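These are my notebook entries from an afternoon of looking things up in one protein model. Come along and check each entry against the picture.

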Amino acid sequence: MKNYKFLKHHIVFEYLDSDSTLSLNPLVIGYERCESTKGVIGPLTRTRYVFQYVFKGKGTLTVANKTYKIGKDTLFFLPVENVSYAPNKSDPWEYLWIEFTGLHASNLLKTAKLSAQNPIFRPKDPDEFFGVFADMIEDCVTNKQRKYYQYACAASLMKIFYFIIKQQNEGASTAKGKEENKILPIVQYIEAHYFENDLSLKKISEKFFFSPPYLSRIFKKVMNISPSKYIIELRIKKAQEMLQSNCFKISTIAYACGYSSPYYFSLEFKRAVGISPSKYQPVAIE
């Protein structure tokens with residue numbers, strides 16, 4: 001292991017400049033060497049996702065009422081709801097973490113096969129995996145000129161996803177790989193055109209020369225969600241980001257996210273989130 005300066009501290013963290021235009025947007029990075037006296041954190045509800053990589057010690061993670069024992073060289077994923085975790089009293093863990101959002105985050109997590117039902121990842125090469133995390137934090141701690149550093153962190157986070165996705169999908173069938181190759185440009189098209197209020201399964205099918213039933217079937221097979229629901233989720237997530245900024249009127253957000261009327265936007269937002277846009281308030285992270 002390299003002689004990282006941040007390891008001399010008990011805790012180091014950095015709030016990054018946020019850039020909502022990034023498809024994968026890192027918000028906070030950090031390191032903590034937990035004390036044996038540290039208790040349970042949570043249960044928490046967050047407005048962002050979190051990766052925590054334990055490289056020493058032990059602890060427990062509880063997600064969706066299921067508890068996991070976490071040991072050395074283990075990454076665990078924290079979804080946004082119903083999460084708690086705690087270091088072991090006799091051998092408390094040391095971990096690195098990164099918090100992130102972004103329009104591509106949920107799709108990357110699906111491809112990485114990380115979810116509330118499957119929150120654990122153990123890299124085959126823990127030293128290399130640790131190095132990507134640690135170099136990112138070390139650079140931030142030692143570099144006094146940290147302006148625009150969120151872009152370097154976004155690149156590191158994408159590399160972390162690369163390691164996870166590559167390992168998690170080893171041995172995937174050739175047939176599924178061909179279907180994924182068909183779907184990738186469609187996903188990219190949706191993410192580039194979600195703000196158009198006439199975006200539909202029919203329009204996308206015509207654009208890519210597929211029949212709507214065939215496109216819907218292979219899209220759902222690869223993405224585990226229908227194209228229509230994917231568009232809705234994408235629009236709602238973008239709306240949440242805009243609402244969090246407190247800079248836009250509800251009508252402006254509605255039109256910017258592809259809705260033909262603020263009324264219909266409010267109905268769909270409440271159906272998806274549980275509350276109306278006017279009452280939506282992001283929960284601050286602990």
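**Entry 1: a loop residue**

I looked up asparagine 224 and found it exposed, because its relative accessibility is 61% (buried means under 20% relative accessible area, exposed over 50%, partly exposed in between, with a 1.4 Å probe and protein chains only). Asparagine 224 sits in the loop between helix 6 (212-223) and helix 7. I took the element names as they come: helices (H or I, at least four residues) and strands (E, at least two) are DSSP runs, numbered from the N terminus. Asparagine 224 is not a glycine, yet its phi is positive, near 60 degrees.

Before going on, I noted that this is a predicted model, where local features need pLDDT of at least 70, side-chain atom pairs count only at pLDDT 80 or more, and totals for chains, interfaces and linings use all residues. Residues are numbered from 1 along each chain as its sequence is written, and side-chain values use heavy atoms, with hydrogens and water left out.

Then I checked a peptide bond: glycine 42 and proline 43 are joined in cis, with omega about 5 degrees. Proline 43 belongs to strand 3 (residues 41-44).

I first compared lengths with expectation (the expected span is 1.5 Å times one less than the number of residues). Helix 2 has 17 residues and should span 24 Å, and its end C-alpha atoms are 24 Å apart, so the two agree. Helix 3 has 20 residues and should span 28 Å; with its end C-alpha atoms 29 Å apart, that agrees too.

How do helix 2 and helix 3 pack, at what angle and with what distance between axes? The angle is about 170 degrees and the axes are 10 Å apart (axes are lines fitted to C-alpha atoms, for helices over the stretch in contact, and angles run from 0 to 180 degrees between N-to-C directions). Helix 2 is therefore roughly antiparallel to helix 3 (angles under 35 degrees count as roughly parallel, over 145 as roughly antiparallel, 65 to 115 as roughly perpendicular and the rest as oblique). Among the residues making the contact are Phe129, Val132 and Phe133 of helix 2 and Ile160, Phe163 and Ile164 of helix 3 (contact means heavy atoms within 4.5 Å). By class, I noted 10 nonpolar, one polar and four charged residues there (Ala, Val, Leu, Ile, Met, Phe, Trp, Tyr, Cys and Pro count as nonpolar, Asp, Glu, Lys and Arg as charged, and the others, Gly among them, as polar).

The buried residues of helix 2 include Phe130, Ala134 and Glu138. For helix 3 the buried set includes Leu157, Phe161 and Ile165.

**Entry 2: the largest core**

Which residues touch the most other members of the largest nonpolar core? They are Phe51, Phe133 and Phe161, in a core of 39 residues (a nonpolar core is a set of buried Ala, Val, Leu, Ile, Met, Phe, Trp, Tyr and Cys residues joined through side-chain atoms within 4.5 Å). Elements giving two or more residues to this core include strand 4 (49-56), strand 9 (94-101), helix 2 (126-142) and helix 3 (149-168).

**Entry 3: helix 7 across helix 9**

Helix 7 (residues 227-245) reaches 28 Å over 19 residues, close to the 27 Å expected. With helix 9 (residues 262-273), helix 7 packs at about 95 degrees, axes 10 Å apart. So helix 7 is roughly perpendicular to helix 9. Ile236 and Leu243 of helix 7 are among the contact residues, as are Phe265 and Phe269 of helix 9. This contact has eight nonpolar, one polar and one charged residues.

**Entry 4: serine 106**

Is serine 106 buried or exposed? Serine 106 counts as buried, because its relative accessibility is 12%. This residue of helix 1 touches Tyr49 and Lys237, not counting residues up to four places away in sequence.
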